[in-house]
Amino acid sequence: MPAQTVRFSISGGPTATGTIDVQLNPAAAPKTVANFLNYVSSGGYTNSIFHRAAYSNGVPFIIQGGGFQYNNNAVVTTPVNAAVTNEYSLSNVRGTIAMALSAPSGVTDINSATDEWFFNVSNNSTSLNSQQFTVFGTIVGTAGFKIMDAISVLPEYDESAILPDFSTIPLVNFTSGTPDATNYVLVTSIVVLPEPAQLGVVNAASSAAALTSGIAPGELLTIYGSNSLASLGPATGVGFDQKSNPVSTTLANTQVLFNGTPGPMLYASSGQTNVVAPFAIAGSSTVSVVVKYQNIASDPLLFRTVPAAPGIFAISGDGAIVDNTTGAVINVSNPASVGEILALFAEGQGVMTPALADGAIISGNPPYQTPVATTTLLIDGQPVPTVYYTGGAPADVNGVLQVDFAVPSLAPGKHQIQLQVVSGGTTYLSPTGVNLQTK
């Protein structure tokens with residue numbers, strides 16, 4: 001199922017009227033997305049009510065809807081379909097939409113989601129991820145965030161006399177009596193927007209989808225497919241000039257813009273483009289990605305900006321690991337020995353220090369750049385005891401990371417190797433599937 005964007009049209013008085021665009025994520029939650037769209041197509045969310053606004057420690061927490069509608073001047077319960085199987089995998093961060101659980105109070109049933117959903121007004125990953133609330137989409141565009149925030153701070157009232165679920169309902173211009181259409185915050189409609197052709201944006205090392213993992217400053221990215229363009233670049237692929245320093249942000253009439261800033265171009269062709277995300281996106285919550293070829297711009301795609309999205313360059317499941325002395329690649333036919341000094345190459349570790357220009361080639365004398373965030377090499381989930389160097393890869397583009405390490409005492413065979421980056425108390429791990437072969 002391809003990604004789709006749906007538009008919530010909201011009627012909520014002078015401050016909370018507008019639209020919220022949500023990009024659904026069927027790759028992460030296919031059954032949940034299908035369930036949601038079934039309610040949309042059947043009219044189950046037409047004139048639905050935001051019936052709950054919750055705070056946590058005085059901070060807006062969630063706003064919830066989907067379970068009740070205002071039809072013919074009366075509140076009615078949305079007809080409920082069968083519960084959908086839990087598909088928790090994405091974090092309940094700010095701006096995401098997740099399914100509420102309908103299990104009775106005091107009962108834990110992660111497979112009880114039916115029609116009700118909620119928007120995470122704050123980063124609720126600490127409190128909600130452990131309860132496995134299924135995130136199935138994220139708000140795109142600043143307008144949607146403004147409407148969500150406006151709803152979250154509306155006055156709340158205890159209207160549990162109408163329905164028990166209305167104990168913390170946000171209302172507009174209400175004083176007393178029975179709320180009506182002018183008082184409720186209503187989702188007057190949810191429609192599926194005409195689907196623009198999408199770009200597939202992935203981590204260049206791990207192929208992890210940016211829609212799920214976000215984009216980190218300095219991350220090397222691969223962009224696939226075509227969109228409103230005839231192509232993403234020239235029919236015959238063109239690589240960057242390896243003598244250029246810094247690497248140019250234009251290659252064969254192709255550019256990739258990140259919040260309007262062009263990234264260093266590594267490769268351009270009609271079906272694939274490789275680029276480095278500018279370090280300037282650090283600190284922004286979202287990043288808009290646009291491909292331009294021959295001055296024709298693609299439809300923008302919006303992603304979360306994250307401090308790190310690590311990936312290890314690999315060859316057929318083995319890390320792109322080389323013997324630091326001979327330059328030989330370590331693999332099944334050439335396993336490493338205990339104590340052998342090896343080098344691997346990765347990216348997506350985030351901001352480096354000292355800061356260099358985007359696209360700069362790492363040169364000069366060591367020590368070179370080092371990651372700002374705590375970056376650790378793991379083998380079978382354990383930190384590697386002896387690491388000689390973790391920093392910019394000499395003679396490579398700014399953003400590529402080199403890790404030199406000694407092979408610890410390991411049993412012969414295949415061992416999982418990962419890069420761990422800890423930033424702001426959050427841990428980011430490169431995907432599994434990259435291996436170190438030992439003898």
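Select strands E19 (residues 265-268) and E20 (residues 272-276): they run antiparallel and are joined by 3 bridges. Strands here are DSSP runs of E with at least two residues, helices are DSSP runs of H or I with at least four residues, and both are numbered from the N terminus. Within this pair, tyrosine 267 has asparagine 274 in E20 as its bridge partner.

This is a predicted model, in which local features need pLDDT of at least 70, side-chain atom pairs count only at pLDDT 80 or more, and totals for chains, interfaces and linings use all residues. Residues are numbered from 1 along each chain as its sequence is written, and side-chain values use heavy atoms, with hydrogens and water left out.

**The sheet around E19 and E20**

The 5 strands form an open sheet in the order E14-E15-E20-E19-E16, with antiparallel pairing. Two strands count as paired if DSSP finds at least two bridges between them. Strand E14 (200-203) and strand E16 (238-239) each have a single partner strand and stand at the edges, so one side of each has no neighbour in the sheet.

Next, select alanine 205, in the loop between E14 and helix H4 (210-213). Is alanine 205 buried or exposed? Alanine 205 is buried, with a relative accessible area of 15%. The classes are buried for under 20% relative accessible area, exposed for over 50%, and partly exposed in between, using a 1.4 Å probe and protein chains only. Leaving aside neighbours within four places in sequence, alanine 205 is in contact (heavy atoms within 4.5 Å) with Gly311, Ile312, Phe313 and Glu347.

Go to threonine 305, in the loop between E23 and strand E24 (311-312). Threonine 305 is buried, at a relative accessible area of 14%. Its side chain makes a polar contact of 3.4 Å with the side chain of serine 284. A polar contact is a pair of N or O atoms within 3.5 Å; within protein, one must be able to donate a hydrogen and the other to accept it, and residues adjacent in sequence count only if both atoms are side-chain atoms. Not counting residues up to four places away in sequence, threonine 305 touches residues including Ile215, Ile281 and Val287.

Then select proline 300, in the loop between strand E22 (296-297) and strand E23 (301-304). Proline 300 is exposed, with a relative accessible area of 52%. Show valine 290 as well: the C-alpha atoms of proline 300 and valine 290 are separated by 4.8 Å, although the two are 10 residues apart along the chain. Proline 300 touches Ser288, Val289 and Val290, not counting residues up to four places away in sequence.

**The nonpolar cores**

Select Phe8, Phe36, Trp117 and Phe119. In the largest nonpolar core, of 36 residues, these four touch the most other members. A nonpolar core is a set of buried Ala, Val, Leu, Ile, Met, Phe, Trp, Tyr and Cys residues joined through side-chain atoms within 4.5 Å. Among the elements that give two or more residues to this core are strand E1 (5-11), helix H1 (30-42) and helix H3 (142-152). Apart from this core lies another of 21 residues, including Ile321, Ala346, Val384 and Val407.

**Charged residues**

How many salt bridges does a search of the whole structure find? The search finds 2. A salt bridge is a side-chain nitrogen of Lys or Arg within 4 Å of a carboxyl oxygen of Asp or Glu.

Select aspartate 21 and arginine 7, a salt bridge whose closest N and O atoms are 2.7 Å apart. Aspartate 21 is in strand E2 and arginine 7 in strand E1, 14 residues apart. Aspartate 21 is buried, at 15% relative accessible area, whereas arginine 7 is partly exposed, at 31%.

For the other salt bridge, select arginine 94 and aspartate 149, with closest N and O atoms 2.8 Å apart. Arginine 94 is in the loop between strand E7 (74-77) and E8, and aspartate 149 is in helix H3, 55 residues apart.

Finish at glutamate 116, in the loop between strand E8 (96-99) and strand E9 (117-120). Glutamate 116 is buried yet has no salt bridge, and the nearest side chain of opposite charge, arginine 52, is 7.1 Å away. Lys and Arg count as positive and Asp and Glu as negative, while His and the chain ends are not counted. The side chains of glutamate 116 and histidine 51 are joined by a polar contact of 3.4 Å.
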